[in-house]
Amino acid sequence: MRISLEDVWHVYSPGTAFETVALRGVSLSVEPGEVLGIVGGTGSGKSTLAAHLNLLLRPTSGRVLVDGRDALALRKSELRRRVGLVFQFPEQALFAPSVEEDVAFAPRQMGLGPEAVEERTAAALGVLGIAHLARRPTRALSGGEQRRAAIAGTLAMRPQVLVLDEPTAGLDPFSRRELLGVVRRLREEGTSVVLVSHDLDEVAEVSDRLCVMEGGAVRAEGTPEEVFYGELALAPTTVRVAARVRESAPGLGRPVSYDETLRSLRALIGG
Amino acid sequence: MGPNGGGKSTLVRLLNGLLVPDSGEVAVAGHDPVTEPFEVRKRTGVLFQNPENGLVAPFVEDDVAFGLENLGVPREEMRRRVAEAIRSVGLSGYERREPHTLSGGEKQRVALAGLLAVEPEVLLLDEPTSMLDAPGRREVLRRIGGLRRSKTVLHVTHHLEELLEADRVLVINGGRLVAEVEPGRLMADAALLEENRLVPPTVPRLAADLGLGSCRTPEDLAGAVLRRVWEGSGAEIR
Amino acid sequence: MAPGAGRGTGQFYPADSPLHALDPRAKILAVAALVVGLFLVDSVAGFLAVGAALLCLVQVSRVPPSTFLRLLRPVAVIVAFTALFQVAFVREGEVVFGLWVFQAHSEGLRLAAHLALRILLLVAAAALLTATTPPLSLSDGIEDLLSPLKRFRFPAHEIAMMMTIALRFIPTLHEEARKIIMAQAARGADFTEGGLIQRVRALVPVLVPLTVGAFRRADELAEAMESRGYRGGEGRTRYRELSFRGRDATALCIAVLIPVGGILL
């Protein structure tokens, strides 16, 4: 499915002293099967943007379209099932005694039968690589495992688009790497992923396309290669190294991810 | 450094009497944290992972004063030290702000100011940047870096790049001290990193994978790559 | 920035007025005097006199009347309910009017009016206190007033510390509740449909993590407080200074005179 935002504005507490304009005319789309990275600093509006993708927040003005139809026309439960939204620190919302019961919550809310619930729960735990933790109490897991259990809880709805808001915040680098592996796996299985993050290095590793937010508006959009090489101030470490080398060795190409960068630099040195 | 659940946080808590050792002894500036916790806590400040849950008072200046109130410092001196501590973390003008209106990085700096006001000899930092975004992290690290040489700092972190300037790095895993190394050596020791679930920062990792010795900045690394290219092609080094 | 950031905690309305400038202890004692006095007032005229005095004070406090009325709104229901209860069940005096099985007696009407006015004025006095006193000064004031009771092992410091911590964490927990509600809504939880039991059940996925989270915060806060040398009120100094001056004493005297006037009427 394809989600597009057309000139979306969002104002918090309009008409009061606390009025804050969080989005200023954002237009962008999430294409089927892609990983879209949304980057930007604190207060850039990226989390507000994420909550518009399934209308958990409604635009003050502008439209959200799902496959060309106004999303407001869809049933709320239907939209939330098709666009799974995982907030920052989602493990704070774990509530069931065991991992599998927590993951089963969403499919149960959808009104599925016990077999379908079980099947979806097992599948989601499998994708997140925590099938062996199914029966463990949620509180007994490490931070990284809790994070994955919480993501499984949304994935169990089988959303066509999964929105992850800062999914690696607060995790150690090793758990971060594992989570990025999960994002790659989801794309292979055909789920679109929207990855909201302030960490350029991590977005560079997995995104097909990027959207850079600043002050509630889209500042740049395109493939990681276009965005990063177009504006080096936004670039991750790998691109900064490669761009510096290209100044003297233009034959290097424009690698973005770690593996691409390593491969191109090796080729350059080797021959 | 070391993997989660390896014992890092337990160690920090043993050092100021929040936990009691089953056996063995701890001494901080000659005091036992179990029998004389107050003496130890006067001399040590702990910065925890989540600043949200460490701030006690509903206003910044009252929170910074909390440690001083506990020590029974007279009010006039308290005022001076609170103002000084808030300035030293770059938050002048924030005195009357409420913690819940601050960013994560700002909250952590308020917590740091609260420790500095007490003028401790030792700072124990328990992953103080792990919950912060990049700018917040940079700002907190800058303030901590400024304390170097004036205080003893024990810094627990998952981010190897935060320890590049450390004098010594201790690796803890499975409740044991498994290594004591210089940061440069640790970065180059792929086996030690892997065993302890440590991920080196991008630049040293690329340098190691390319067999290029130690590099710190992207510019260093790019220079090293180009030198290697020119050596290989026999061209002159520009 | 989160929506509503920078907003004052609770009911405090920041302004530069003579009432705001008073020592919190003077204001707490004044409200206490008013409360006691209101129980002695025994005529509608008396209540109205006290009410007029309070209205003047609201004017002095520079709290906009609309904001002040909003503070009173939550108790309006209670006031209405108690008044109705009095009218319906007190069967003394003459019957003033009847409606089907329902009869209103004169004594019931009188009691209802007294009770409604009394509750309303009590709440108004308390609202004036919280609107003009920053919460932290309020807890300092309470600690100070209760400190003579420390001799009888009354935990005055602990109570004030609990108030301070509650003030600090109310916005945090409020924000956390909001986030958890959003997160569960994204997983298909529905808080708006179904009967009462279903709605209460729908709250379980919110209340459980909120409670667990609050306990985790409490643990971490206790560690942070201990590591910062906290060991109770003993040997502690205070950052904030309270000073009881001439104007505070004057204000207190005036506050005592208000219900006295009411009683005499």
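# Salt bridges and interfaces in a predicted model

Trainee: What relative accessible area does D199(A) have?

Mentor: The relative accessible area of D199(A) is 22%, and D199(A) counts as partly exposed; the scale calls a residue buried under 20%, exposed over 50% and partly exposed in between, using a 1.4 Å probe and protein chains only. Residues are numbered from 1 along each chain as its sequence is written, with chains lettered from A and ligands numbered from 1 in the order in which they are written.

Trainee: Which residue does D199(A) form a salt bridge with?

Mentor: The partner is R176(A), and the closest N and O atoms of the pair are 2.9 Å apart; a salt bridge here is a side-chain nitrogen of Lys or Arg within 4 Å of a carboxyl oxygen of Asp or Glu. This pair links distant parts of the chain, 23 residues apart, with R176(A) in helix α6 (residues 173-188) and D199(A) in the loop between β8 (192-197) and α7 of chain A. Helices (H or I, at least four residues) and strands (E, at least two) are DSSP runs, numbered from the N terminus.

Trainee: And R176(A), buried or exposed?

Mentor: R176(A) counts as buried, at 17% relative accessibility.

Trainee: Which side chain does E205(A) meet in a salt bridge?

Mentor: E205(A) meets R184(A), at 3.7 Å from N to O. Here too distant parts of the chain are linked, since E205(A) sits in helix α7 and R184(A) in helix α6 of chain A, 21 residues apart. E205(A) is partly exposed at 22%, and R184(A) is partly exposed at 32%.

Trainee: New topic, what are the domains of chain A?

Mentor: The assignment gives domain 1 (31-50 + 75-224) and domain 2 (236-271), and bounds of this kind come from an automatic or database domain assignment. Their C-alpha centres lie 31 Å apart, and 5 residues of domain 1 are in contact with 5 residues of domain 2, where contact means heavy atoms within 4.5 Å.

Trainee: How much area do those two domains bury between them?

Mentor: They bury about 440 Å², 60% of it on carbon and sulfur atoms; buried area is the accessible area (1.4 Å probe) that two parts lose on being put together, summed over both. In domain 1 of chain A, D201(A), A204(A) and E205(A) lose the most area to domain 2, together 75% of what that side buries. Helix α7 (residues 200-206) gives the most to that side, with 4 residues.

Trainee: How many salt bridges are there between these two domains?

Mentor: The count is 0 salt bridges, whereas 2 residue pairs are in polar contact across the interface, both residues at pLDDT 80 or more. A polar contact is a pair of N or O atoms within 3.5 Å; within protein, one must be able to donate a hydrogen and the other to accept it, and residues adjacent in sequence count only if both atoms are side-chain atoms.

Trainee: Now chains A and C, how many residues does the contact take from each?

Mentor: The contact takes 19 residues from chain A and 20 residues from chain C, and the two chains bury about 1900 Å² between them, 64% of it on carbon and sulfur atoms. F18(A), Q92(A) and F95(A) supply 30% of the area that chain A buries against chain C, more than any other three residues.

Trainee: Which side chains meet in the salt bridge there?

Mentor: D102(A) and R187(C) meet at 2.9 Å, N to O, and the count between the two chains is 1 salt bridge.

Trainee: How many salt bridges does the rule find between chains C and B?

Mentor: It finds 6 salt bridges, and D63(B) with R228(C) is one such pair, at 3.2 Å from N to O. The contact takes 33 residues from chain C and 40 residues from chain B, and the area buried is about 3400 Å², of which carbon and sulfur atoms give 50%. R168(C), R228(C) and Y239(C) supply 29% of the area that chain C buries against chain B, more than any other three residues.

Trainee: And how many salt bridges are there over all chains?

Mentor: The search of the whole structure finds 55.

How values were computed. This is a predicted model: local features need pLDDT of at least 70, side-chain atom pairs count only at pLDDT 80 or more; totals for chains, interfaces and linings use all residues. Side-chain values use heavy atoms; hydrogens and water are left out.
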